[in-house]
Amino acid sequence: MDLNLKDRVALVTGGGAGLGEAIARSLAAENCKLWILDRNAGAAAGVAASIGNGTKSYAIDIGDAAAVTDAFAAIAAQGRIDILVNAAGVLSTGFVADLPVNEWQRVSQVNLAGMLHCIKAALPTMKQQHYGRIINIASISAARGGGSVGNTIYGATKAAVVAMTMGLARELGPEGITVNAISPAIVDTAMTHELLSEDARLKILTRIPLGRMAIPSDISNLAVFMASDRASFITGIAVPVDGGILTT
Ligand SMILES: NC(=O)c1ccc[n+]([C@@H]2O[C@H](COP(=O)([O-])OP(=O)(O)OC[C@H]3O[C@@H](n4cnc5c(N)ncnc54)[C@H](O)[C@@H]3O)[C@@H](O)[C@H]2O)c1
């Protein structure tokens, strides 16, 4: 299937590692022009260099609204912003009773406020183009209020991402902009490697009907489809990519 993505300009936050990197590579394979945005400057530059083909990087903390506004203005000055993938995120584990009260602030500042900063900063350009694809990386923890590692705060930020995705789809449809979310279950990335013991991994595996953990391409395949014109009548949804875990 030709996805017709050649020369579309895509910005990927969190593109320096994990799912963001995988999505950036998959979009590059469809001949998009890529910007890798990440607070880890070295990682962003490394991914951009390894993709090649004019891929650019920008070191930015998405929690900093003013820095995001400046970065997106500088990028827009060089051309279009067709696709925005919001993959930058931080995890929070542990039980609410044991966590400091500012844990909500720390996590929501990236997962929620950071995402909102990027969307708001992309909108003037997307509206002017009357075209845009926004893809937010949520999590199945949005549907369960966290999960087995007690990540209630994380789940609450991701539930808000799903709500924001629906609301923005309604607001932005008339502007030619679609807004969708992907809700992965646990994926083999740096974020989850640090978190899970072998025992915890095996326990999770028993609950996945398809019998394996997700791999980054499970997520990036869907992101590329959502970014394409083949998905032009799809907006406001959050698609679980979870091997069926939500059915158990
Ligand atoms: N890995 C999983 O199992 C899983 C499951 C569900 C959802 N997710 C979500 O997918 C997204 C990517 O997760 P991942 O596993 O690839 O994580 P990761 O830690 O491997 O990569 C995240 C990237 O985001 C960057 N980042 C973090 N905070 C940032 C900030 N404030 N500004 C700019 N960049 C920032 C990091 O530097 C890193 O390069 C996150 O939103 C995460 O919540 C991951």
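Residues are numbered from 1 along each chain as its sequence is written, and side-chain values use heavy atoms, with hydrogens and water left out. Because the model is predicted, local features need pLDDT of at least 70 and side-chain atom pairs count only at pLDDT 80 or more, while totals for chains, interfaces and linings use all residues.

**Stop 1: helix 4 and helix 6**

Select residues 103-129, helix 4, and residues 152-172, helix 6. Helices (H or I, at least four residues) and strands (E, at least two) are DSSP runs, numbered from the N terminus. The two helices pack at an angle of about 20 degrees, with axes 9 Å apart. Axes are lines fitted to C-alpha atoms, for helices over the stretch in contact, and angles run from 0 to 180 degrees between N-to-C directions. That angle makes helix 4 roughly parallel to helix 6 (under 35 degrees is roughly parallel, over 145 roughly antiparallel, 65 to 115 roughly perpendicular, the rest oblique). The crossing is right-handed (the near helix is turned clockwise from the far one by less than a right angle; anticlockwise is left-handed).

Now show side chains. On helix 4, the residues that meet helix 6 include Trp-104, Leu-112, Met-115 and Ile-119. Facing them on helix 6, pick among others Tyr-154, Val-161, Met-164 and Leu-168. By class, this contact has 15 nonpolar, 3 polar and 3 charged residues. Contact means heavy atoms within 4.5 Å. Ala, Val, Leu, Ile, Met, Phe, Trp, Tyr, Cys and Pro count as nonpolar, Asp, Glu, Lys and Arg as charged, and the others, Gly among them, as polar.

**Stop 2: helix 3 and helix 4**

Select Ala-65, Val-68, Thr-69, Phe-72 and Ala-76 on helix 3; they meet His-117, Cys-118, Ala-121, Ala-122 and Thr-125 on helix 4. The contact has 7 nonpolar, 3 polar and no charged residues.

**Stop 3: the cores**

Which residues touch the most other members of the largest nonpolar core? Select Leu-11, Phe-72, Leu-84 and Ile-134, out of 35 residues. A nonpolar core is a set of buried Ala, Val, Leu, Ile, Met, Phe, Trp, Tyr and Cys residues joined through side-chain atoms within 4.5 Å. Buried means under 20% relative accessible area, exposed over 50%, partly exposed in between (1.4 Å probe, protein chains only). Helix 4 gives the most to this core, with 10 residues.

Centre on Leu-84. Beyond its neighbours within four places in sequence, its contacts include Leu-11, Phe-72, Ile-119, Met-126 and Ile-134. Another core, of 30 residues, lies apart from the largest one; Ala-28, Ala-48, Leu-222 and Met-226 are among its members.

**Stop 4: helix 1 and helix 9**

Select residues 18-29, helix 1, and 216-227, helix 9. The axes come within 8 Å and cross at roughly 50 degrees. That makes helix 1 oblique to helix 9. The crossing is right-handed. Pick Leu-19, Ile-23 and Leu-27 on helix 1, and Ile-219, Ala-223 and Val-224 on helix 9, all among the contact residues. The classes are 9 nonpolar, 2 polar and no charged.

**Stop 5: positive phi**

Most residues other than glycine have a negative phi. Select Asn-4, in the segment before strand 1: its phi is positive, about 60 degrees. Finish at His-130, in the loop between helix 4 and strand 5. Its phi is near 50 degrees, also positive. At 47% relative accessibility, His-130 counts as partly exposed.
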